[in-house]
Protein chains: 2
Amino acid sequence: MDSSSAAIVLLSGGLDSAVTLAIARRDGFRTIALSFRYGQRHAIELDAAQAVARSLGASEHVIVDIDLRVFGGSALTADLPLPKDRSPAAIAQDSAIPLTYVPARNTIFLSYALALAEVRGAGDVFIGVNAIDYSGYPDCRPEFIAAFEKLAGLATRAGVEGRPLKIHAPLVHWSKEQIIRRGLELGVDFGLTRSCYDPDLAGRGCRRCDSCRLRLAAFERVGVSDPAPYVE
Amino acid sequence: MDSSSAAIVLLSGGLDSAVTLAIARRDGFRTIALSFRYGQRHAIELDAAQAVARSLGASEHVIVDIDLRVFGGSALTADLPLPKDRSPAAIAQDSAIPLTYVPARNTIFLSYALALAEVRGAGDVFIGVNAIDYSGYPDCRPEFIAAFEKLAGLATRAGVEGRPLKIHAPLVHWSKEQIIRRGLELGVDFGLTRSCYDPDLAGRGCRRCDSCRLRLAAFERVGVSDPAPYVE
């Protein structure tokens, strides 16, 4: 890999995508972080994404406005109740597609990444999807990523000219604990990341949504305390 | 096919997508037209799309704002010169990807169609891509459509639950002349459609861009006059 090669890294401001960016940087890529403002009620994530991009040395951070609210249908973008106080085991065993699923979200996000890769001449896209903790999200599974990579090879100028895009999903089979350990090795400042689905106005995690529960339990297993802010 | 089934139809306001909508209606679908405001300089197309949707009996017309300008890189969204006065033969033989290519556009448009299909429970998407006139567009070819259909089956709740989305591209192998003939049979009012890449402020076609040249030549072969407005 040419050490000056550019990679697009989807960056949400959460824990997983921060570790993914650190991995892309460790692999020697010049990184272009890509985030979305899509009517999510946890918009505090975007501030976190900017802080993470800066701290991990992304060369650029592109934020795209997209309006998913026109589609409704998700607890993250509509006024539906979020599940609270579930155990990590209960979350993992729930094979139903979660209420927090945003329709076709990763398909849309990867499509924008594909467009950005094409105009910037990037040959690689990194996405921090994970198939373990949220088995109910169809667009977090390795077969989805493989199908998108195949599509990308047919969709663009670069693909047609024999330079197909590579989609990297380095975390896809890792546990949250493994992700945190890898991030700590790579110097990720987890205090900058935010994962809560329902933070307070100061951006502090609620401790009770699925995302907080999984994150706090994983930090506990790793044996370090989560440096992100939470309500008392 | 249940006669009350819903289909999403990508509608640009041009000739091809109008015929595609007419085909979806003829097939008995309740149609939800989907258009995009994406910084195109021929935004007059959106007025045309609304008129076409109404005239062909679409049940609903959803317009989504997306900002492709952040990516630059295309004559349709940036200030690059458009090719003019080329013959249809020259356009068809030009295997280079045209300047008017918008990066990953159909991938992004189909991703939104997928999201809308999922939240509305639609099992079908229609897109008026055509591989004949514009051989240089990678995302207008049948293999691209097939790859997107495969992706869709892995990306969504419906796909995972055994109701994969069907992507219809009925025009993909038709000549422009065949498309116009089919549209006339189905009662499409081509006077409502707009194809020009560089219309004047009144929405009249320039007669000189690739799109006008192909359209006017095809109407001539069909032997009817194009009812859309053009500059003198």
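Colleague: Which residues of α1(B) meet α7(B)?
Modeller: On the α1(B) side they are B:Leu15, B:Asp16, B:Ala18, B:Val19 and B:Ala22, and they meet B:Ile179, B:Arg182 and B:Gly183 in α7(B). Contact here puts two C-beta atoms, placed from the backbone, within 7 Å.

Colleague: And what does that contact of α1(B) with α7(B) have by class?
Modeller: Five nonpolar residues, one polar and two charged. Nonpolar covers Ala, Val, Leu, Ile, Met, Phe, Trp, Tyr, Cys and Pro, charged covers Asp, Glu, Lys and Arg, and the others, Gly among them, are polar.

Colleague: Before I go on, what am I looking at?
Modeller: A predicted model, where local features need pLDDT of at least 70 and side-chain atom pairs 80 or more, while totals for chains, interfaces and linings use all residues. Residues are numbered from 1 along each chain as written, with chains lettered from A and ligands numbered from 1 in the order written.

Colleague: Thanks. At what angle do helix α1 and α7(B) pack?
Modeller: About 45°, with the axes of α1 (residues 15-26) of chain B and α7(B) 9 Å apart. The axes are lines fitted to C-alpha atoms over the stretch in contact, and angles run from 0 to 180 degrees between N-to-C directions.

Colleague: How do the axes of α7 and α8 of chain B cross?
Modeller: At roughly 65°, coming within 9 Å; α7 spans residues 176-185 and α8 spans residues 210-222. From α7(B), B:Lys176, B:Glu177, B:Ile180 and B:Arg181 make the contact, and α8(B) brings B:Leu214, B:Arg215, B:Ala218, B:Phe219, B:Arg221 and B:Val222. That contact has five nonpolar and five charged residues, with no polar ones.

Colleague: New topic: how many residues of chain B are in contact with chain A?
Modeller: 35 residues of chain B, and they touch 35 of chain A. On the chain B side, the elements giving two or more residues are β3 (60-65), α4 (105-120), α5 (142-155) and α6 (157-160).

Colleague: Which element gives the most to that side of chain B?
Modeller: α4(B), with nine residues. The chain B side as a whole divides into 22 nonpolar, six polar and seven charged residues.

Colleague: Now B:Ser55, where is it found?
Modeller: In helix α2 (residues 44-55) of chain B. B:Ser55 counts as partly exposed because it has 17 C-beta neighbours inside 10 Å (20 or more would be buried, 12 or fewer exposed).

Colleague: What is B:Ser55 in contact with, leaving aside neighbours within four places in sequence?
Modeller: B:Asp189 and B:Leu192. The C-alpha atom of B:Ser55 is also separated by 11 Å from that of B:Phe190, which is 135 residues apart along the chain.

Colleague: Last one: how many helices and strands does chain A have?
Modeller: Eight helices and five strands, in the order β-α-β-α-β-α-α-β-α-α-β-α-α along the sequence. These are DSSP runs, H or I of at least four residues for helices and E of at least two for strands.

Colleague: And what share of chain A is buried?
Modeller: 50% of its 232 residues. As for contacts in chain A between residues at least 6 apart in sequence, 74% join residues at least 24 apart.
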